[in-house]
Amino acid sequence: MANHTDPVCGMKVDDQKAAAQSTHEGKTYYFCSQSCKSKFEQNPKQYASQQPVS
Ligand SMILES: [Zn+2]
């Protein structure tokens, strides 16, 4: 089990339970909902650059 942060809304997402996922520049991002995935895919660079420091 691994927790990821939804880059759109900042919610913690378990990769086993993620509602959606998307790959951008070789990195996989997990989303709490299809709606967050859609926002990410409309502007991936904006969200991919906001990776939180963990
Ligand atoms: Zn989300």
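Author: Before we start, a residue counts as buried here if 20 or more other C-beta atoms lie within 10 Å of its own, as exposed if 12 or fewer do, and as partly exposed in between, with C-beta atoms placed from the backbone. This is a predicted model, in which local features need pLDDT of at least 70 and side-chain atom pairs count only at pLDDT 80 or more, while totals for chains, interfaces and linings use all residues. Residues are numbered from 1 along each chain as its sequence is written.

Reader: Fine, so which residues of α1 are buried?

Author: The buried residues of α1 are C36, K37 and F40, where helices (H or I, at least four residues) and strands (E, at least two) are DSSP runs numbered from the N terminus. Seen down the axis of α1, these buried residues fall within an arc of 100°, so they line one face of the helix; the arc is that of the directions from the helix axis to the C-beta atoms.

Reader: And what is exposed on the other side of α1?

Author: Q34 and Q42 are exposed there.

Reader: What do the buried residues of α1 pack against?

Author: They pack against β3 (20–24), β4 and α2 (44–48), judged by contacts, meaning that two residues have C-beta atoms, placed from the backbone, within 7 Å of each other.

Reader: Why is K37 classed as buried?

Author: K37 has 20 other C-beta atoms within 10 Å, and is therefore buried. Leaving aside neighbours within four places in sequence, K37 is in contact with A20, S22 and F31. The C-alpha atoms of K37 and D6 are separated by 8.8 Å, although these residues are 31 apart along the chain.

Reader: Switching topic, which residues make up the largest nonpolar core?

Author: That core has nine residues, namely V8, V13, Y29, Y30, F31, C32, C36, F40 and Y47, a nonpolar core being a set of buried Ala, Val, Leu, Ile, Met, Phe, Trp, Tyr and Cys residues joined through C-beta atoms within 7 Å. The elements giving two or more residues to this core are β4 (27–31) and α1 (34–42), and β4 gives the most, with three.

Reader: What is V8 in contact with, beyond its neighbours within four places in sequence?

Author: V8 is in contact with F31, C36, K39, F40 and Y47.

Reader: Last one: where is confidence lowest, and where is it highest?

Author: Confidence, given as pLDDT, the predictor's confidence in each residue from 0 to 100, is lowest in α2, at a mean of 91, and highest in α1, at 97. The protein averages a pLDDT of 90, and 89% of the residues score at least 70.
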